[in-house]
Amino acid sequence: MASIADLFFRKMTIEDVDVVYHIEQQAHYHPWSKNIIKDAVSSYQCWLLFNQQQLAGYGFLKIIVDEAELLNIAINPPQQNKGLGKLLLDHLMKETEQLGAKECFLEVRESNLNAYHLYESYGFNEIGRRTNYYPTAKGHEDALIMAYLIATD
């Protein structure tokens with residue numbers, strides 16, 4: 001686990017696109033293009049997680065009225081398995097709450113068990129499935145749709 005003193009979050013800027021794109025290429029089987037990442041900076045809530053001054057991960061949120069969707073989240077592969085994914089997810093969910101969202105949705109590859117267990121342990125519940133949604137080397141696989149009710153006072 002990383003030391004809390006070594007960690008910080010900040011909003012993504014257009015200057016971060018190249019380094020985020022580089023991590024995206026390593027972290028995802030079917031990565032977003034550089035143009036999609038560029039568009040996300042101006043359209044969504046995009047947060048970066050740093051560990052010891054190095055970019056460790058990022059997450060993109062779409063907020064519409066009182067609903068949020070976690071569009072993309074990744075931890076740089078050399079930084080994985082240090083508890084950073086849960087810290088990043090927690091930060092993103094706190095942001096959704098501050099922005100007035102009451103619920104957050106996401107889709108995860110059926111084969112991505114590490115991500116599925118992370119979301120489940122955080123309180124997300126599987127609510128549906130999109131058949132043959134994600135491309136794979138051998139065809140397609142299902143996307144599992146998950147939802148999280150955000151605690152509001």
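Student: Are Arg 109 and Glu 141 buried or exposed?
Tutor: This is a predicted model, in which local features need pLDDT of at least 70, side-chain atom pairs count only at pLDDT 80 or more, and totals for chains, interfaces and linings use all residues. Residues are numbered from 1 along each chain as its sequence is written, and side-chain values use heavy atoms, with hydrogens and water left out. Buried means under 20% relative accessible area, exposed over 50%, and partly exposed in between (1.4 Å probe, protein chains only). By that definition, both Arg 109 and Glu 141 are buried.

Student: What is the N to O distance in the salt bridge of Arg 109 and Glu 141?
Tutor: A salt bridge is a side-chain nitrogen of Lys or Arg within 4 Å of a carboxyl oxygen of Asp or Glu. The side chains of Arg 109 and Glu 141 meet in one, with N to O at 2.8 Å.

Student: Which strands does this pair link?
Tutor: Strands are DSSP runs of E, at least two residues, and helices are runs of H or I, at least four, both numbered from the N terminus. Arg 109 and Glu 141 are 32 residues apart, and the pair links strand 5 and strand 7 (residues 139–149).

Student: Why does Asp 18 count as partly exposed?
Tutor: Asp 18 forms a salt bridge with Lys 34. Lys 34 counts as partly exposed because its relative accessibility is 32%. Asp 18 also counts as partly exposed, because its relative accessibility is 48%.

Student: How many salt bridges does the structure hold?
Tutor: One of them joins Glu 107 and Arg 130, with the closest N and O atoms 2.4 Å apart. The number of salt bridges in the structure is eight.
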